[in-house]
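Reader: I am new to this structure and would like to learn how to read it. Could you take me through it step by step?

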Amino acid sequence: MHLVKKIEIIANSFELGKILDGLDKSGVNGHIVIRNVAGKGLGGTREDLDMTMLDNVYIIAFCMPEQIKPVVEKIKPLLNKFGGTCYISDVMEVRSVRCVASM
């Protein structure tokens, strides 16, 4: 097990390409994208996807702790310009070196 950073970004799908490009340029090579997300923010406002022209996406990525500063430098201007939010947390990664199917 070792410590990694978990990056969670919720943004408009229109900006997905720019956000993923920013992650790539920061050295974060892998990510997960979940499309068509809706929810209620801290401000109490709720967004109904049936009422919006563009859907929201939820992006999850992981990186080493030393990569966080470049990630924030790339992603923060995009979120400031186009809206969205980003959460960064400490998590433990457990890597399996043996395939369960081979047991």
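Reader: How many bridges join strand E1 to E4?

Author: Happy to start there. Helices (H or I, at least four residues) and strands (E, at least two) are DSSP runs, numbered from the N terminus, and two strands pair if DSSP finds at least two bridges between them. Here, E1 (residues 2–12) and E4 run antiparallel and are joined by nine bridges. One example is His2, whose bridge partner in E4 is Glu93. This is a predicted model, in which local features need pLDDT of at least 70 and side-chain atom pairs count only at pLDDT 80 or more, while totals for chains, interfaces and linings use all residues. Residues are numbered from 1 along each chain as its sequence is written, and side-chain values use heavy atoms, leaving out hydrogens and water.

Reader: In what order do the strands form the sheet?

Author: The order is E2-E3-E1-E4, an open sheet of four strands with antiparallel pairing. Strand E2 (32–37) and strand E4 (85–93) each have a single partner strand, so they stand at the edges and one side of each is left without a neighbour in the sheet. On average, neighbouring strands of this sheet are turned by 20° against each other, direction ignored.

Reader: Which strands does helix H1 lie across?

Author: For this we need contact, meaning heavy atoms within 4.5 Å, and axes, which are lines fitted to C-alpha atoms (for helices over the stretch in contact), with angles from 0 to 180 degrees between N-to-C directions. Helix H1 (residues 16–25) lies across E1, E2 and strand E3 (56–63), and runs at about 5° to E3. Helix H2 (residues 68–82) also packs on the sheet, where it touches E1, E3 and E4, and its direction makes about 10° with that of E1.

Reader: How many salt bridges does the count come to?

Author: Side chains of opposite charge can pair when their charged atoms come close. The rule asks for a side-chain nitrogen of Lys or Arg within 4 Å of a carboxyl oxygen of Asp or Glu, and the count comes to five salt bridges. Among them is Lys25 with Asp21, at 3.1 Å, N to O; both lie in helix H1, four residues apart, about one turn of the helix. Another joins Lys18 and Glu15 at 3.5 Å.

Reader: Is Glu15 buried or exposed?

Author: Buried means under 20% relative accessible area, exposed over 50%, and partly exposed in between (1.4 Å probe, protein chains only). Glu15 has 4%, so Glu15 is buried, whereas Lys18, at 42%, is partly exposed. In the other pair, Lys25 counts as exposed at 58%, and Asp21 is partly exposed at 37%.
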